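Subject: Structure for your review

Dear colleague,

Please find below the structure that I am handing over to you. My notes on what was found in it follow directly after.

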Amino acid sequence: MPSLSEETHGAVKMLQPGATIGIIGGGQLGRMMALSAKYMGFRIGVLDPTPDCPTAQVADFQIVGEYDDKTAIHDLAEKSDVLTYEFENVDAEAIDEVRHLVAAPQGTDLLRVTQDRVHEKTFINEHGTETAPWREVNDFDELEAAIDELHYPCVLKTRSGGYDGHGQHVLKNDADLEKIRARGDRGGGFPPSILEGFVDFAFEASILVSGNGEQYVTFPIVRNDHRNNILHMTIAPAEVSPEIAKAAHELALRLAKGFELAGTLAIELFVTKDNRVIVNELAPRPHNSGHYTIEACSIDQFDAHIRGIAGWPLIQPKLLSPAVMVNVLGQHVLPTRAQIASHPEWNVHDYGKAQLRHNRKMGHITVLTDDTAATVAALEATGCWDDLK
Ligand code: AMP
């Protein structure tokens, strides 16, 4: 595992308005980072293979190229004062290679840890924080041995590259195990993986933490509802006991300090039926479950990310109103657009994606409310999200 001591960034040098922030990845997260940065007077460059991608529409310039194209990353670095990224599968080595040209306040250790489930779980556990019980498994024999220890049901996940449930198998019995063996026998191989004990959670939650290398602030713990492994809805704040909220804030601060975090980090959690908070995984960037912060918090996750990487001071975000955020996937675009006229309470966000595809995140809607249960019911009653029922 990379050692953080090799790279102690500490306080980030303060960036002045007018400086250029280069973003690797031009989707909706980059777009919302860019919008925050523009308010503060920064210039934005974005690297993305798709011309006129969501971020490019609000940026000062785009470099059209693949995310791992070293020449393109070099080009972006030369034109920027600070580099950041909107997703975790960025080539850390490529960023290290341009650090003589540009500041990378988030460092690359954060990327290396969060790109690899073994490093990630080790880091979390070493920082006094619970995860599901897990074992590294590199072949079928190791998988069988790990199942003997962790028992069914359990979840097999690839060490790297998985997202939204891709690269995951829930194993409930020997028949499921045999399917994994058969896949290997058919030449599918056995990618480096981890086996996790199945967490019988009451619900899924998340918490965001932002830092500038020496000061860290947390956002409220929120409740997340996934459908088909994709986030459907976030309810802010989650209805949890003060003890659970405190545990979530404390673990977020421990992890942020451990990383000497600059920017925003999302921590996906399980809240168990016996009232424990367990970390599922980390995302070293703003997160879909934090979009509610744009309207509902005194400073949002994108502002905090930009302030953090720019070395600006941070202030503890306040929740100004409870909120419900619902994702608009490809199949929800037409039904929701047809109803915008009837819903002045909808804060409508559209990411400007040219191609509408089933299950693709195209936008989201946030509703500020005093009654989250009634708002959830009202959103569901529109029929726009009936395919997810
Ligand atoms: P991940 O890609 O690790 O975020 O997992 C995707 C989804 O699978 C999570 O949001 C959970 O709903 C479920 N999941 C992942 N790991 C576990 C686990 N150890 N126990 C129970 N459910 C899990």
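This is a predicted model: local features need pLDDT of at least 70, side-chain atom pairs count only at pLDDT 80 or more; totals for chains, interfaces and linings use all residues.

Residues are numbered from 1 along each chain as its sequence is written, and side-chain values use heavy atoms, with hydrogens and water left out.

Helix α10 spans residues 301-309, and eight of its nine residues are buried. Buried means under 20% relative accessible area, exposed means over 50%, and partly exposed lies in between (1.4 Å probe, protein chains only). The buried residues are Gln-301, Phe-302, Asp-303, Ala-304, His-305, Ile-306, Gly-308 and Ile-309. Just after α10, Gly-311 has a positive phi of about 75°.

**Helix α5**

Helix α5 (residues 117-126) is largely enclosed by the rest of the structure, because seven of its 10 residues are buried. These are Arg-117, Val-118, His-119, Glu-120, Lys-121, Phe-123 and Ile-124. At the start of α5, a side-chain oxygen of Asp-116 comes to within 2.8 Å of the backbone nitrogen of Val-118.

**The ligand and the domains**

Which residues are closest to the ligand? Among the 17 residues that surround the ligand, the closest are Gln-168, Glu-196, Val-199, Glu-204 and Glu-281. A residue counts as near if one of its heavy atoms lies within 4 Å. The shell divides into five nonpolar, six polar and six charged residues. In this grouping, Ala, Val, Leu, Ile, Met, Phe, Trp, Tyr, Cys and Pro count as nonpolar, Asp, Glu, Lys and Arg as charged, and the others, Gly among them, as polar. The strands β6 (154-158), β8 (193-197), β9 (201-212), β13 (262-272) and β14 (277-283) each supply at least two residues of this shell.

A polar side-chain atom of Arg-117 lies 3.3 Å from an oxygen atom of the ligand. A polar backbone atom of Val-199 is 2.8 Å from a nitrogen atom of the ligand, and a polar side-chain atom of Glu-281 lies 2.8 Å from an oxygen atom of the ligand. Taken alone, the ligand exposes 480 Å², of which the protein buries 91%; accessible areas come from the Shrake-Rupley method with a 1.4 Å probe, and for residues only the protein chains shown count as cover.

The domain assignment gives domain 1 (8-104), domain 2 (133-197) and domain 3 (201-388); such bounds come from an automatic or database domain assignment. Domain 2 and domain 3 both give residues to the shell, so the ligand lies between them. Their centres, taken over C-alpha atoms, are 30 Å apart.

**Backbone features**

Most residues other than glycine have a negative phi, and most peptide bonds are trans. Where do the exceptions lie? A cis peptide bond joins Tyr-152 and Pro-153, with omega about -15°, and Pro-153 is found in the loop between α6 (140-150) and β6. The bond from Ala-236 to Pro-237 is also cis, with omega near -5°; Pro-237 is placed in the loop between β12 (230-236) and α8 (242-259).

Asp-52 is not a glycine, yet has a positive phi of about 60°. Asp-52 is in the loop between β2 (43-48) and β3 (61-64) and is exposed, with a relative accessible area of 53%.

Terms used
A polar contact is a pair of N or O atoms within 3.5 Å; within protein, one must be able to donate a hydrogen and the other to accept it, and residues adjacent in sequence count only if both atoms are side-chain atoms. Helices (H or I, at least four residues) and strands (E, at least two) are DSSP runs, numbered from the N terminus.
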